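Subject: Structure handover

Hi,

Here is the structure I promised to pass on. My notes follow below it.

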Amino acid sequence: MTTQSKNLTREEADAFGRELDALRQEVTADLGERDLEHIRQIIRTANRSEAAGRLLLHFGFGPVSFVLGTSALGLSKILENMEIGHNIMHGQYDWTRDPALDSQRYDWDNVCTGDDWRHSHNYEHHTFTNILGKDRDIGYGFLRVAPEQPWKPVHLTQPVVAALLALFFQWGVGAHDLRVDELFAAKQTPAEFAKRARPFVTKAGWQLFKDYAFFPALALANAPRVAFGNLLANGTRNLWTYAVIFCGHFPEGVRVYTEAETADESRGQWYVRQLNGSANIEGSRWLHVLTGHLSHQIEHHMFPDLPAARYPEMAPRVREICARYGQGYNTGSFARQLGSVIGRIARLSLPGPKPAAKTMRVVPEEAATPLTYRAAA
Amino acid sequence: MISIQEIGTGWRSAGSVVARRFLLDRQAEFWMGELDPARSLGEIRARVVAVVEETEDTKTFVLRPNAAWQGHRAGQYSPVEVEVDGVRVRRCYSISSPPGEALVSITVKRVPGGRVSTWLHEHTRSGDILRLGTAAGDFVLPAATPEKLLLLSGGSGITPVMSMLRDLAARDAIHDVVFVHHARSRADVIFGEELSELTARHAGLRLVLCLDDEPSAPRGFEEARFANLVPDFAKRSTFLCGPGPLMDRAERLWESVGASDLLERESFAPTIAPAPMVSSVEGVQVRLARSDRAVAAKGQGTLLEQLERAGERPAHGCRIGICHSCKCRKQTGTVQNLVTGEVSSEPDQEIQLCISVPRSDLRLDL
C-alpha cells in the first residue's frame with residue numbers, strides 16, 4: 001500500500017539516512033559463510049536445472065519432456081540473470097574475494113554485455129534513480145511512465161510497444177547503453193555509436209550462435225526442438241524479468257525527481273529518493289529468489305551492494321524506520337503492482353494528467369554530496 | 001612448418017575462447033568441482049589427506065594437490081587460501097615435505113590472533129580442500145649440493161630447512177650437515193623424532209638443539225654459545241629461518257666475520273610491517289604499480305579525488321560507493337573506508353577508490 005511521503009528537511013533526511021547506515025553496518029558486520037553458501041546453492045540449482053533442461057530437450061521426445069525441459073532451462077536462465085548475475089555484478093559478493101563472484105569480471109547469460117550493464121544500471125540508474133533527464137531507466141527513453149514526462153503523440157502506441165518490449169526484453173536491455181535515441185537526436189556521431197555497439201553486437205552474435213546453432217547442432221535430429229526450446233526459455237526469462245523490473249519503479253505512487261530538486265543532495269536525501277523511487281512486491285521466499293530479490297526493490301536501492309538475500313530480513317526494519325519519518329513504503333502483491341503498472345502505461349499513453357504538486361526543497365546554503373551528511377567530515 | 005604441438009595448442013586456445021563466449025567455462029568448472037572438489041580448470045587445489053599434531057601449537061597438513069600443481073624446490077613456500085567466515089584469505093607457508101613426492105606438507109604454527117593459522121587448526125580436517133598457489137621463493141638449495149652445510153632455524157622456522165634436510169636424506173646427499181634448531185623446550189621441537197632418527201641414520205648429520213628451558217642456557221640465539229657449537233660456521237653454506245630477533249642476531253654475526261655471502265635467509269614473519277596510520281591525507285605517497293607513477297596526496301579528499309587532482313583517470317562511476325566500478329587492488333598500505341569506517345591494512349585487498357581515504361603510503365594496482 002502506498003502513502004504519500006512527508007517532505008523531510010535536510011536534517012530529518014540525514015537522521016533517516018544515519019539510521020539506514022547503521023542498519024547497513026549491522027548487516028555488513030554479520031556477512032559470512034551463510035551468504036556464500038546461499039549464492040553457491042543458487043548457482044548449484046541453476047546449473048543443475050540447466051543440465052536437466054538441456055538433457056530433456058536434446059534427448060527427449062514428445063511434448064511432456066519438451067515442456068519440462070524448456071521450463072527447467074527457463075528457470076536456470078531466470079536464476080542466472082536475477083539472483084546470480086544481477087546481484088554478483090552489483091558487487092554483493094565482492095567481500096568474499098572469490099574470483100567467480102567478482103562484480104567486475106562476471107558476465108551473464110544475456111545479450112547485454114556485463115560492462116554495458118555495469119555502466120547503465122549499477123552506475124547510472126542506481127546513482128541517479130528516478131531523476132528526469134539523468135536516469136535513462138525512466139521509461140527507457142521511449143515509454144511515458146510518469147506524468148512529469150511530456151506527452152508526445154508517439155506515446156499513443158506505448159501499450160503495444162510495452163508489450164513488444166516484454167517479449168524482447170533482453171534486447172532492450174542489451175541495446176540500452178548504446179543510446180540509440182542520441183544517435184537519432186544527433187547527440188552522438190555514427191562513429192561513436194558504432195564503437196559503443198561493437199561489444200554488444202559481438203556478444204549478441206555469440207549468444208544467438210550458442211542458442212540457435214551450437215546447441216541445436218549438438219542435438220542432431222532434435223535440432224528444431226532444441227532451438228525452439230531455447231527460444232521459449234529465453235522468452236520466458238524476458239517476460240519474467242520485464243514484469244519484475246517494471247514493478248520495481250513504475251507502479252502508482254512511485255515518484256520522479258527533477259535535476260534541480262536533487263542538485264546538491266546529501267546522503268540522507270539520496271536514501272529518501274531511493275525509497276520514494278522504488279516499489280516492492282510481496283510474496284514467498286521462492287518469489288523473492290526468482291526475482292533476484294528485486295521484489296525488495298526499496299531495500300535493493302538503498303543497499304545495492306549488500307547480498308540481496310538479506311533484504312527480506314532487513315525489510316521490516318527499513319519499513320519501521322520509514323514509518324517513523326512519515327515516509328510511504330510502496331508495497332503490494334505481484335498482481336496488484338503489475339496491474340498498477342499496466343494501468344499506468346495505458347493511462348499515460350494519453351495526454352495528462354497534471355503532475356501532483358510537490359513541495360520544492362529549500363536550497364541549502366551549504367553544499368553536500370551523496371557521500372556525506374551535512375556535518376560529517 | 002607447423003608442428004602437431006602448435007596445432008594442439010591452437011585448438012585448445014580456440015576452444016577456451018569459444019567456451020568463454022558460450023559461458024561454458026564456468027559451467028565446466030562447476031561440474032568438475034561437483035564431480036571432485038579437488039579438481040579445477042584453473043585453480044591449484046589440494047585435498048587434505050592427513051593432519052598431524054607435531055607439537056602443542058603446530059600441525060602438519062599433508063596435502064594431495066591436483067594436476068595443476070607444478071611441484072616445489074626444497075625451501076620454497078606456497079600461498080595457501082582458505083575461506084574464513086566466507087572470506088578468502090591467503091597466507092604463504094613454507095613447504096616442509098621434500099620435493100618430488102605426490103604429497104605435499106605444510107606445517108603451521110598457530111599464531112594467537114592469526115586468522116588463517118587459527119582457521120587451519122580449528123576447522124581443517126582430513127578430506128577438506130585447500131587452494132594453493134604456485135610454489136615460490138629463492139630460499140632453495142643450490143643445484144650442486146654444497147660440501148659443508150649449516151641449517152639454522154628457530155621455532156616454526158624449521159619448516160623450509162626441514163624440507164631441505166628431507167630432500168638431502170632422500171637423495172642420500174647428507175655429507176657434512178650441521179642442523180642447529182632453537183625451541184622453547186624439547187616438547188616444542190617440531191619434527192623432533194624424525195630429526196633424531198635421521199641423525200642416527202646419517203653419519204654426516206649433526207643435530208644441535210638449543211632449548212630455552214635447559215639449565216643456565218641462554219634464551220634463543222646466542223653468539224658465544226653458537227660459535228662454540230659450530231666453530232666453522234663461517235665456512236659453511238648456511239640456510240637460516242626463524243623469528244626476527246634470531247635472524248637479526250645471526251645476520252650480524254655473519255656480517256662481523258665477513259661471511260654474509262654464505263648466508264641465505266628466509267623470514268616467515270611478514271617483511272612489510274603495516275605502515276603507521278596517518279590522520280591527515282596530506283603528503284601521503286600513492287604509487288601506481290601498473291603505470292609506474294606516484295602521486296602525492298594534497299588537501300582533503302578520497303583516493304579517487306586525489307588521483308583525479310593529480311591528472312590520473314582511474315575507472316569509476318557513482319562516486320558514492322555503490323557501483324563498484326572503481327574497485328582496485330591495494331597492494332600495500334592502509335586505507336579507511338569513509339562509509340563503514342573500516343580500516344584495511346592487509347596487503348592485496350580490494351578497495352573502492354571513491355570511498356577510501358589513504359591512511360599511509362600506498363601501492364595500488366593501477
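Predicted model: local features only at pLDDT ≥ 70, side-chain atom pairs only at ≥ 80, totals over all residues.

Now the helix itself. α8(A) covers residues 190-218, which makes 29 residues. At 1.5 Å a residue, that should give a span of 42 Å, and the end C-alpha atoms lie 39 Å apart, so the two agree. α8(A) is kinked, though: the bend is about 40° and is centred on A:Lys210.

Which residues of α8(A) are buried? They are A:Ala197, A:Phe200, A:Lys203, A:Gln207, A:Asp211, A:Phe215 and A:Pro216. These buried residues pack against three helices of chain A: α4 (114-127), α6 (169-176) and α9 (223-249).

Next, the interface. On chain A, 31 residues are in contact with 23 residues of chain B. Elements of chain A that give two or more residues to this side are α1 (10-30), α2 (33-59), α4 and α8. The largest share comes from α4(A), with 5 residues. By type, the chain A side divides into 10 nonpolar, 11 polar and 10 charged residues.

Last, chain B. Its domains are domain 1 (22-132), domain 2 (149-267) and domain 3 (285-364). Taken over C-alpha atoms, the centres of domain 1 and domain 3 of chain B are 31 Å apart.

Best wishes

Terms used
Residues numbered from 1 in each chain as written. Chains lettered and ligands numbered in written order. Domains from an automatic or database assignment. Helix = DSSP H or I, 4+ residues; strand = E, 2+ residues; numbered from the N terminus. Expected span 1.5 Å × (residues − 1). Bend = angle between axes of the 7 residues up to and from the residue. Buried ≥ 20, exposed ≤ 12 C-beta atoms within 10 Å, placed from the backbone. Contact = placed C-beta atoms within 7 Å. Nonpolar A, V, L, I, M, F, W, Y, C, P; charged D, E, K, R; others polar.
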